Amino acid sequence: MADVRTPKHAALGGRILTGPFIVLAALALIATYFLVQRFVFGLGAVTNLSDGYPWGIWIAIDLVVGTAFGCAGYAIALLVYILNRGEYHPLVRPALLASLFGYALGGLSVLIDLGRYWQGYNMFLPWLSQYNSVMLETALCIAAYLTVLMVEFSPVFLEKLGMRNVRQKLDRVLFIFIGLGVLLPTMHQSSMGTILVILGHQLSPLWQTQLLPLLFLVSALFMGFAIVVFEAVLASIGFRRPMETFILNRLCTAMAWLLLGFLVLRLADLVFSGNISFAFAATLDAVMFWVESALHLAALILLWPRSSRPSALRLFLSALLLLVAGTLYRVDCYLIGYHPGDGWFYFPSVGEIMVTVGIFSLEVMLYLVFVKRLPVLETVEAAYREEHAEHPEGTASA
Amino acid sequence: MASRQVAIPVPSHASDEPIGQLDSYQGALGGVTRREFLMYCTGVAAALGLSPALGVRIANATTSATRPPVIWLSGQACTGCTETLLRAHHPTLESLILDQISLDYHETLCSGAGRQAEEFRRRSMEDNHGRYLLVIDGAIPTGDTADYCKVAGERFVDSVTHAAEGAGAIIAMGSCSSWGGVPSSQPNPTNARSAQEVLPDHTVVSIPGCPPNPYNFLVTVLHYLTFERLPELDHRNRPRFAYGRLIHENCERRPHFDAGRFAREFGDEGHRQGWCLYYLGCKGPETWANCPAIGFNDIGESAWPVGIGHPCFGCTEQGVGFTKSIHSLATLQTVTPPTAFPRVVEDQGELSTAAVGVAAGVAGAAVGAAAVLASRLAKHGPPPSEAPPAGTPADKASSDQST
C-alpha cells in the first residue's frame, strides 16, 4: 500500500472467551435454532413474510442497513486513496474489517432470505441472466465487492502468516482492487435506491423520488463515516486505547457536509414535487418521516463544526444518531413506506428478529476475534500502555 | 354499392393487385359487405400469424375468377369432418364451396349422384390435373380387407391412390385420415390406415381432430390458395400454426394446474369451481392442438371440451385419442405437478405480541447501552476509566452496536 506514514499494526491479544463474548455466542446460537427451522421447514415456518411483503427485516435491516454499516471501508478508502488524505490511514484496516463483516453477513442474509437458495448460484451464470434487472446488478456488484474486500483485507492475514513475498507481490496490484473497492459500492449502494424507484407508487411519495439512488449513495457515505467514528469510540473505551480524536473530528466535518447535502436534497425534492403535503397527513408514514428527519437534523446540529474541540461524547452521540437516522431512512424506504396494497401487513416474527440479532452478534464476535488475533488496529505508544497497565488482562469487550 | 365506396385501408406495402371487382362481387359473397369480407380475410391472416396487410392478398386470391377445384373423398368416417365445416361462419360453408373453391366432388354435398357424380369427378380430375386440391376424410382400409370400403364399385384405397396422382396438394381432414382415428383402434379389423401411410410418396397435410376445428382446415386451404404453397408443417405434417403447442400450454385452466387446484371427480367442489381436469384424465398435457386458443362454433371463449368441464381426450393425437382410456392420467410432456403447492389463500400478515416484546426489548437494550456509554463518556472522557467498560450484554446484539 502506498502508505503516507508506514503505520504499524498489531493484534491486541487477550482472552477471546470473555463474558460479553459468551452472551453474543448465546444470541448467535438462538439465531441458529431459527435458521435450522427455516432451512428444514421453509421461510413460512419462521418468518412473517407474505406475498405482499416478500422482503422483511432480513433484507431491510440485515442487507440494506448491514451493508450501509459496511460502507466504512468504502468511505475511508475514498478519503484516503482517492482524495489522498493519508492522515486517515489508521482508520483503514478497522474500516475494511467492518466492511468485510457487513457485506459477508449481508450476503448471508440474502442467501437465508432466498426462497430457493439452492438455485442462488444461477445469478452467476451469464446465460441465465436478465440484464435489465437492477437486482441482478446489485447482487453481482455486492458479490464482486465482497471478493474485492477479501483481497483488500488479505494483507492482514499475510502479515499474520509472515508471507512477506506474497504481500509484496500483492502490493503491486492492490491499487486495482482499491479502485474497484471504491467503484463497486458506488454502483450498488445507489442501486439499492434504484430498486425502490421501480416500486413506483407502492412506495409512499414521502420516499419515492428519482433522487433515491443519489440519496442512498450519500446516506451510505455518511453512515460509513459514522460507523468508523462509532467503532473508534467503542474500541477506545473497550480496549483502553487513546482516541484518534483529531482525525475523527475532521471526519465529522466531512459527515456534516454530506448530511447537509442529503437533507437539502431530500427536502428540496419533496417541496418541489409537492409531496411534502403527505408529511402533514395523520399517517404512520408522516410520523416516521418527521422522526427520521428530526434524527438527521439532530445529528447535523451535533456535528456542525464549532470553534471548540468536540468532546468524545459529542462524537459518540452524533455518530450514533447518524447511524440510527440512516437505519430508519432505509427501514422507512424498504418496509414502513412500502404499501403493497390493501390488507397486507408486516411485522417481523420473533424468529426473524432473533436471526437479525444473531447475525449482528456474530459480526461483533468476529470483530473481537479479529482485532485480538490479527494486526488490525494500529499500535499504541508504549508510554500510553504503561500508563494504563493496571488492567493487563484487558477484560475487553467491544 | 357505389355509395359505400369508402377507401379500403390498404397499407402501402400491401402488395399486389387492387381488389378489383369486389364491389360488383358483393352479391356473390352472400350479402357480405366488402368491409366485412376484408375483415374476414384479415382474420384469416391473423389466424396464420401473418401480417394483417396480407388480408388483401387473401381477398384477391379468394375472389379470383378461376376458383381452385377441390376433390373431397370420404372413406371410413362419420361425416363429422363435413359437419364441422357446416359450423364455420367466416366463411360459411356455402360461401366457401360456391365462391372460394370449386367443390367438384363431395359425396355428402354433391347435388348430383351416382354415375353422373362419378363422371364429373373423373372429368374434373382430368381437366385440372396437377392443380386440384385433394381432401381425404376417413381412414382407408388396406390389404385383404380393402374391399370393406368401396364407392361406385371402386375400392377406396384405389380411389385415393388414383386421385393423389394428379393432386396439387393433399389434405387429410380429421384424425381418421391423419393417423387412422377410430377405425384404426385395436383390433383394427379393417386394417385401417392413414392417408399418409397409403400415399408414402406424397406430402399429406394432416388436420387431425375428431372433428378438427373447421378453421384449421379453412386457414390451411386459404393459405394454399393465397400463397400457392402449404403452411409450415411439423414432423407429422400438421400445420404448425394450429398444432405447434400443447393444449396444456394455452389452457385457460392451466393456472389451476400450476397452483395444485384439481377437480378429483365430476361434480365435486373443484369441478364446479372450474379447476384443472388433469386428475379426471385430461389429455391436454400430451395433445398438440389449438383448441383453447380458438374454441369451437364461434361462440366465444371456453367453447371446447375442457372449457365446459370435460377432460380433453386427445382426439388429435395418435396414441392418445381412441387409444388411451378416457380417464387415465396423461403423460406429462412438460412440467410435472409439484408435490407441494402454494396455498390458495395467502396470509396477509399478523402481529404477534411476542415479536413486539422482543423488538421492544432489543430497542430498549440498545437505548440503554447507548445511554450507559454516553454517560461514561460524559463523566470520564475518551480515555478508559477504571471500571470495566461497555454496557449490558444485550447491547452487543443491537444493530447499533455492530461494526
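**The open sheet of chain B**

Modeller: In chain B, 5 strands make up an open sheet with parallel pairing, in the order β2-β1-β3-β7-β9. Strands here are DSSP runs of E with at least two residues, and helices are runs of H or I with at least four, both numbered from the N terminus; strands pair if DSSP finds at least two bridges between them. This is a predicted model, in which local features need pLDDT of at least 70 and side-chain atom pairs count only at pLDDT 80 or more, while totals for chains, interfaces and linings use all residues. Residues are numbered from 1 along each chain as its sequence is written, with chains lettered from A and ligands numbered from 1 in the order in which they are written.

Start at the edges of the sheet, which are β2 (102-106) and β9 (204-207) of chain B. Each of these two has a single partner strand, so one side of β2 and one side of β9 are left without a neighbour in the sheet. From one strand of this sheet to its neighbour, the average turn is 25 degrees, direction ignored.

Further in, β1 (residues 69-74) and β3 (residues 132-137) of chain B run parallel and are joined by 5 bridges. One residue pair can be picked out here: B:Ser74 has B:Asp137 in β3(B) as its bridge partner.

Two helices of chain B belong to this picture. Helix α7 (residues 156-165) of chain B packs on the sheet and touches β1, β3 and β7 (167-173) of chain B, where contact means C-beta atoms, placed from the backbone, within 7 Å. The direction of α7 makes about 165 degrees with that of β1(B); angles run from 0 to 180 degrees between N-to-C directions, along lines fitted to C-alpha atoms, for helices over the stretch in contact. Helix α10 (residues 214-227) of chain B lies across β3, β7 and β9 of chain B. Its direction is at about 150 degrees to β9(B).

Where pLDDT is low, the predicted coordinates should not be read in detail. For the model as a whole, ipTM is 0.79 and pTM is 0.60.
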